[in-house]
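I opened this entry to look up the ligand site first, then the strands and a few backbone angles.

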Amino acid sequence: MFKDKTIVIGVTGGIAVYKVCDLVSRLKKLNATVKVIMTKSAAQFVSPLTFQTLSAGKVYTEMFEYLDHWDVEHISVAKSADVFLVAPATANVIGKIRHGIADDMLTTTIMASTAPKVIAPAMNTNMYMNPVVQDNMKTLKNLGYIFAEPDSGYLACGDLGAGRLTDAENIIAKLEEVLNPYKPLEGRTVLVTAGPTQESLDPVRYLTNHSTGKMGYAIARKAVEFGAKVTLISGPVNIEKPDGLLKFIGIKSADEMFEAVKDELDSIEIVIKSAAVADYRPISVADNKIKKKDGNLNIELERNPDILKYIGQHKGDKILAGFAAETENIIENGKRKLVSKNLDFIIINNIKETDAGFGTDTNIVTILDKYGVQKDYEKMLKDEVAKEILDKIVEISSQK
Ligand code: CTP
């Protein structure tokens, strides 16, 4: 599984060190080259000789052991890594890595390494739940560090809770994910639309909706992760642009989104239309601010183009997925949109349910395809919904 791969393992001090001995021996059986760096306190729990025997290689412990070539050593170990694993990772080493402290062989090497990093925390549950540690882990996750999350249970200190080093199988699965990433949409072109549209009334005001773009951005991120070349057309939102996009086009109105979609469509194989497009816009946009007067103000609205319907009419052999935001007769309305917009599948959500729809981190959806296959999902994180959507795309593209 790991032939020709070098896994550098940073071992820090904690009772879970003994489990990493087993991990090293399993990784060797999977044909990995394993290099171990131990902190001083890790060496209090298990002798470096144990790791040296299991890894069949040199174990690095003290940075200043060989004063004539130490700088070469930590850089060369860093360069040799296809992946860098820290297991067990104490609160202390997580804090150091997050804050850029490099005061021993392990922290210096990890800082010098450009390889993907996997961190497997193990510590007392109160330490693990401590907001400072949580914040450090969150920052590292945002920086691209991958976590093999700890398990819950009785800990060596007698406490019950999260903080136990996760099993070797879970750590190996994470390493496998990093070293042999799943990219089922490698090279495919995907267009995602996201966020709300804004329909101007005058230089000061506009009509819009509650969409925050979270669902669409999660889909774009997942599509990038699946190896696709992703173009994201987005209405105004307050979230960070996903990394690795082929193209980002910011728009405001439905008309601008329509134009951008038409410009891109020819080069696109897969379209996922999650934007909350305004169906109507003010019939005219006042040049100057509309001044208040006595009595009511009536605003006449005209229809915006139905972008998804247009794509459905010009579908060719593209894969086309749309959303349905519903508040009543959820499934029937969703089915109607699936057919009338000529979609391969539709993601239907009841925006009236708590923890679903606009602005939340979670969603409750039903995915219905053109063959009548319907799957109702429990509440999930939008990231998880995004994965289900991309898995459905992969399933459909494998049938084409
Ligand atoms: N959509 C679109 N252009 C529009 C309106 C909607 O492309 N002018 C797309 C949305 O991006 C979504 C799907 O159509 O993928 C369904 O949107 P939704 O608001 O649920 O439905 P509508 O088609 O607008 O129908 P209704 O307002 O009657 O529910």
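I began with the shell around the ligand and asked which element gives the largest share: E17 does, with four residues. I note here that the model is a predicted one. I then listed the elements that give two or more residues to this shell and found helix H12 (307-313) and strand E17 (319-326).

I sorted the shell residues by class. Eight are nonpolar, one is polar and five are charged. I also asked which of the 14 residues around the ligand come nearest, and got Lys273, Ala275, Phe323, Lys337 and Lys341.

Lys273 has a polar backbone atom 2.6 Å from an oxygen atom of the ligand. For Leu308, I read 2.8 Å between a polar backbone atom and an oxygen atom of the ligand. I then checked the cover: on its own the ligand has 560 Å² of accessible area, and the protein covers 77% of that. As for where the ligand sits, I found it in the second largest pocket.

I moved on to the strands. I traced an open sheet of six strands, with parallel pairing, in the order E3-E2-E1-E4-E5-E6. Its edge strands are E3 (59-60) and E6 (146-147), each of which pairs on one side only.

Asp151 and Arg164, the latter in E8, stand opposite each other. I counted five residues between the strands of this hairpin, and noted that Gly158 there has a positive phi near 100°. As a reminder to myself, strands of a sheet pair through backbone hydrogen bonds, in either the parallel or the antiparallel sense.

Last, I checked for backbone exceptions. The background I kept in mind is that most residues other than glycine have a negative phi, and most peptide bonds are trans. Which peptide bond did I find to be cis? The bond from Ala87 to Pro88 is cis, with omega near -10°. I placed Pro88 in strand E4 (residues 83-89), and E4 belongs to the open sheet traced above. I also noted Asn31, a residue other than glycine, with a positive phi near 75°. Asn31 is in the loop that lies between helix H1 (17-29) and strand E2 (33-38).

Methods:
Residues are numbered from 1 along each chain as its sequence is written. This is a predicted model: local features need pLDDT of at least 70, side-chain atom pairs count only at pLDDT 80 or more; totals for chains, interfaces and linings use all residues. Side-chain values use heavy atoms; hydrogens and water are left out. A residue is near a molecule or strand if one of its heavy atoms lies within 4 Å of it. A polar contact is a pair of N or O atoms within 3.5 Å; within protein, one must be able to donate a hydrogen and the other to accept it, and residues adjacent in sequence count only if both atoms are side-chain atoms. Accessible areas come from the Shrake-Rupley method with a 1.4 Å probe; for residues, only the protein chains shown count as cover. On a 1 Å grid over the protein atoms alone, a cavity is a set of points where a 1.4 Å probe fits but cannot get out, and a pocket is an open set with protein on both sides within 12 Å along at least five of seven lines; lining residues have an atom within 4 Å of a point. A molecule sits in a cavity or pocket if more than half of its atoms lie within 2 Å of its grid points. Ala, Val, Leu, Ile, Met, Phe, Trp, Tyr, Cys and Pro count as nonpolar, Asp, Glu, Lys and Arg as charged, and the others, Gly among them, as polar. Two strands pair if DSSP finds at least two bridges between them.
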